[in-house]
Structures are given as C-alpha cells and as structure tokens.
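Good morning, and thank you for making time for this item.

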Amino acid sequence: MAQQAYVTETAEGGSGPERRRVRFRRLLGRLGSGWRGDRGIWRRGAVLTALAVLIALVMLLHAQIPNAIGNLGSLIETFLPWLGLFVPVLLLSGFLRRSATALIAVLLPAAVWLNLFGGLLSDKSATGGDLTVATHNVNADNPDPSGTARDVAASGADVVALEELTVSAVPVYEKALKSTYKYHAVEGTVGLWSKYPLTGVKAVDIKLGWTRAMRATVAAPDGQVAVYVAHLPSVRVKMEAGFTARQRDKSADALGEAIADETLPRKILLGDLNGTMNDRALNAVTSQMRSTQGAAGSGFGFSWPASFPMARIDQIMVQGVEPVSSWALPATGSDHLPVAARVNLATSS
C-alpha cells in the first residue's frame, strides 16, 4: 500500500532558520512587554546611573586625580583599560533592573573607553622594517636562564635588552647568546646583546645608587641608533601607604633627562619601566618618545604578570625612528613576557 508523506507547518512558521527567527521575535516581544507601560523604568537604577557617570569621569579626568594621597592617580592609570570591564556589568545590571536611565548612562563610560583605547583594538602592524629589537625582564629568580636566552634569541631580534641580571646569571646568558649575538655589554643589572657593533657604552645614572640603566650606540646597517636599556625601580601597593612609587618617579625623571640630552637623532628605549604609557609619573620619558605598541601594535600588548598579563610595563619606545610592528613574545621562565618590535631606520630622520 502506498504511503503518503505529509509536511506539517507549525504555528511557529516552519522549521529551521525561519522558526528560530520567529522564536527570537517572540522573546523580544516578551521582554519588551515587561517594559511597556512601566513608569518606573526612568526612576529606577539611580545607583547604577551614578556608578556609570563616576567611571566615565574617572577615565576622562584620570590625569586630574591627585597623586598626593598614596599616588592614587598613578595607580588608577596603571590599570586604566580594565575600567572598561564595568561597562558590560553595568549594562547587564541596568537590563535586569529594568532601568532605562541606567542603560542610557552606560553609554558614557563606553564612549570614553572607546575614545581612549578603541584605537588599540585594531591591528596597526605593517610589513617591512630594517631593525628588530626585543626587551625582557628575565627575573633574578629565573629557574632556566639558558632556556630564556634561547627563547628570546629565537624571536629573530637584532638587538636584545635584558633586565634584572644577577652576577651569577650573566655568564649563563653570555654563553647562550654568544652564537647569535657577536657584540654585547653589561652594566650593573642590565645588558645589551647585538648583531651589530656597539660603541659609546656607558651606565646611565637614574639616581638609585647602583646601575640599572645603560646606553650604547648600535651601528646598524641603515644608520646609527642610540639604544637605552632601563629597569626602573619597582612599585608596591601597600594598605598603609597606597601606591608607593616615589623612587620610580625620581628615576623616570633622570632617565628622561638622559634621553633628552642624547645627541644622536635616532633613539630607542628598551626596558622594564614599571609603569604604563598612561601613568603621568613617566611623563619625562613618554612625552618625548612613542610607544611601538601604541603606534604599530595589535591589542594592548600586556606583559606582566606572565601568568595573567594585566599591564604593559615592559616598553619599547622610539624617537626619530618609525615603528613598523610590535608584539609580545611567548612566556619564558620569567614573571614578565618579552616584548619585541620592528622599526624602520632608513626612512627616519
């Protein structure tokens, strides 16, 4: 006996994509029905609205937050991008609270965050360049200095800066990097390894009493460039004192003076500055140099801590040099990620 198949149309408008569209429209209808006629949507959410406005003001006026009490301004600026996480939280809270006022207010911090950091979301890297540089705080307690050295060398960098070198570890790094880098110099706890000749090597006084910064001229094929390596003092967050960074700030000012006095027009700064580009305490340096990550990177390029990077305190900055690309390298045995950049000397003045 012949069988006849029947296609039954559902009340939801068929099957497949059409059915999903109908369900989605019904869901929106049910959600919207709870808002229609509810006069309280404009009165509820006062706290959420106030929080949204406050976060927007903090991001917009962060430079005006005083450092007089516990360096609060610098602390906020160090983690400023993370304030953007409040936007989706406030958005969801406003929706659950059924507050139209709060939902509109959330547009304020969203707009300010995009204005400050939206440019970092795009990939600005390009091809080309004639010099690759890298910097890495290798960590004095690194359990595998030899492996760390090989990892950094594998990046293909022409010039590598290392910070937090110990007396016992220096020979290990020298041995591991010898086959790749013919020239190197170490001053105190910082060092520079290069495929090209180094001249004019000297320590840079950053007002610490011991050496954590140096300068050298790298004779690259496309021109000489002054390369500075620096490891600014660490900062701490203490309950009784807040964000303690006075020595870091003093050293940043001294480093900025040294770079400003440099006679070569092409300058590159490599190192752990223990601060971000947003931190006004580093203005002596950041006001005269460009961040390769900001100019030619993709994303925020966070470098610390290596286990869950939350801030870019390891910097590559240039003056008189054109950044081409910038990126963070894979983790090593250190608590910092190495960072690298490709720059163009030939088209620089």
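**Salt bridges, cores and surface**

Let me begin with a network of salt bridges that links Asp158, Lys195 and Arg342. Please bear in mind throughout that this is a predicted model. In total, the count of salt bridges comes to 8.

Two of these salt bridges share arginine 248. Its side chain meets that of aspartate 249 at 2.7 Å, N to O, and it also meets the side chain of aspartate 279, here at 3.0 Å. The second pair links distant parts of the chain: arginine 248 belongs to helix H9, whereas aspartate 279 sits in the loop between E10 and helix H10 (283-286), 31 residues apart. Are arginine 248 and aspartate 279 buried or exposed? Both of them are buried. For arginine 248 the relative accessible area is 0%. Aspartate 249 has 14% relative accessibility and therefore counts as buried too, the limit being under 20%.

A further salt bridge joins the side chains of lysine 207 and aspartate 205, at 3.6 Å from N to O.

Where does the side chain of serine 251 reach? It reaches the backbone oxygen of isoleucine 206, at 2.7 Å. Serine 251 is buried, its relative accessible area being 0%. Setting aside neighbours within four places in sequence, serine 251 is in contact with Ile206, Leu208, Leu232 and Pro233.

Next, the nonpolar interior. In soluble globular proteins, nonpolar side chains tend to be buried together. The largest nonpolar core in this model has 25 residues, and those that touch the most other members are Leu131, Val133, Leu192, Val218, Val225, Ile268 and Leu270. Which strands each supply at least two residues of this core? They are E1 (131-137), E2 (159-163), E4 (190-194), E6 (213-220), E7 (223-231), E10 (267-272), E12 (314-319) and E14 (339-344). Of these, E6 gives the most, with 4 residues.

Leaving out its neighbours within four places in sequence, valine 218 is in contact with Val159, Leu192, Ser194, Tyr196, Pro197, Leu198, Gly223, Gln224, Val225 and Val227. Apart from this core lies another, of 19 residues, which includes Leu255, Leu269, Leu282 and Val285.

Leucine 90, in helix H4 (residues 86-97), deserves a word of its own. Leucine 90 is buried, with a relative accessible area of 6%. Beyond its neighbours within four places in sequence, leucine 90 is in contact with Leu48, Leu51, Ala52, Ile55 and Val106. With leucine 51 the separation is 39 residues in sequence, while the two C-alpha atoms are 8.3 Å apart in space.

On the surface, Val53, Leu57, Leu60, Leu61 and Leu108 form a nonpolar patch, with about 420 Å² of accessible area together. What supplies the largest share of the nonpolar patch? Helix H2, residues 46-60, does so, with 3 residues. Leucine 61 lies in the loop between H2 and helix H3 (72-78), and it is partly exposed, with a relative accessible area of 43%.

Alanine 63 is found in the loop between H2 and H3 as well. Alanine 63 is partly exposed, at 45% relative accessible area. Leaving aside neighbours within four places in sequence, its contacts are Glu77 and Arg280.

To close, the chain as a whole. It contains 11 helices and 14 strands. Of its 349 residues, 46% count as buried. Among contacts between residues at least 6 apart in sequence, 68% join residues at least 24 apart. Finally, the accessible surface comes to about 17400 Å², and 59% of that belongs to carbon and sulfur atoms.

Technical notes. Residues are numbered from 1 along each chain as its sequence is written. This is a predicted model: local features need pLDDT of at least 70, side-chain atom pairs count only at pLDDT 80 or more; totals for chains, interfaces and linings use all residues. Side-chain values use heavy atoms; hydrogens and water are left out. Buried means under 20% relative accessible area, exposed over 50%, partly exposed in between (1.4 Å probe, protein chains only). A polar contact is a pair of N or O atoms within 3.5 Å; within protein, one must be able to donate a hydrogen and the other to accept it, and residues adjacent in sequence count only if both atoms are side-chain atoms. Contact means heavy atoms within 4.5 Å. A nonpolar core is a set of buried Ala, Val, Leu, Ile, Met, Phe, Trp, Tyr and Cys residues joined through side-chain atoms within 4.5 Å. Patches are made of residues with over 30% relative accessible area and no salt bridge: like charges are joined within 9 Å, nonpolar side chains (Val, Leu, Ile, Met, Phe, Trp, Tyr) within 5 Å. Accessible areas come from the Shrake-Rupley method with a 1.4 Å probe; for residues, only the protein chains shown count as cover. A salt bridge is a side-chain nitrogen of Lys or Arg within 4 Å of a carboxyl oxygen of Asp or Glu.
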